[in-house]
Amino acid sequence: MQSQNNQDDYRQVRHDLIFVLTMNAIFFAILIGLYFVNRATGQIDSFFVNLLKF
């Protein structure tokens with residue numbers, strides 16, 4: 001019984017770890033994409049200037 005609970009816990013932790021790593025990779029890719037889009041066009045800078053009224 002104890003072994004089955006440990007296996008279930010390990011499976012859940014492994015699933016959560018894969019989910020977190022995948023989400024971090026997606027957010028990192030979005031961040032890098034936004035950086036290069038902003039570097040090339042400046043659209044993101046101008047968006048925040050208009051949003052914050054600097």
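The protein chain exposes about 5,100 Å², and carbon and sulfur atoms supply 67% of that area. Accessible areas come from the Shrake-Rupley method with a 1.4 Å probe, and for residues only the protein chains shown count as cover. Of the 54 residues, 2% count as buried, where buried means under 20% relative accessible area, exposed over 50%, and partly exposed in between.

This is a predicted model, in which local features need pLDDT of at least 70 and side-chain atom pairs count only at pLDDT 80 or more, while totals for chains, interfaces and linings use all residues. Residues are numbered from 1 along each chain as its sequence is written, and side-chain values use heavy atoms, with hydrogens and water left out.

The protein chain has two helices and zero strands; helices (H or I, at least four residues) and strands (E, at least two) are DSSP runs, numbered from the N terminus. The radius of gyration of the chain is 20 Å, well over the 10 Å that the globule rule gives for 54 residues, so the chain is more spread out than a compact globule. That radius is taken over C-alpha atoms, and the globule rule is 2.2 Å times the number of residues to the power 0.38. Along the principal axes, the C-alpha atoms fill a box of roughly 60 × 20 × 5 Å.

Helix H1 covers residues 2–41, which is 40 residues. From its first C-alpha to its last, H1 reaches 58 Å, close to the 58 Å expected at 1.5 Å a residue; the expected span is 1.5 Å times one less than the number of residues. Gly 42 follows H1 and has a positive phi, near 75°.

Two aromatic pairs are counted. Rings of Phe, Tyr and Trp (its six-membered ring) pair if their centres lie within 6.5 Å; planes under 30 degrees apart count as stacked, over 60 as edge-to-face and the rest as tilted. In Tyr 35 and Phe 36 the planes are at 75°, so the pair is edge-to-face. Phe 47 and Phe 48 also form an edge-to-face pair.

| Pair | Centre to centre | Angle between planes |
|---|---|---|
| Tyr 35 and Phe 36 | 5.0 Å | 75° |
| Phe 47 and Phe 48 | 5.1 Å | 75° |

Tyr 35 is partly exposed, with a relative accessible area of 48%, and Phe 36 is partly exposed at 45%. Phe 47 counts as partly exposed at 47%, as does Phe 48 at 42%.

Notes. Buried < 20%, exposed > 50% of the residue type's maximum accessible area, 1.4 Å probe, protein only.
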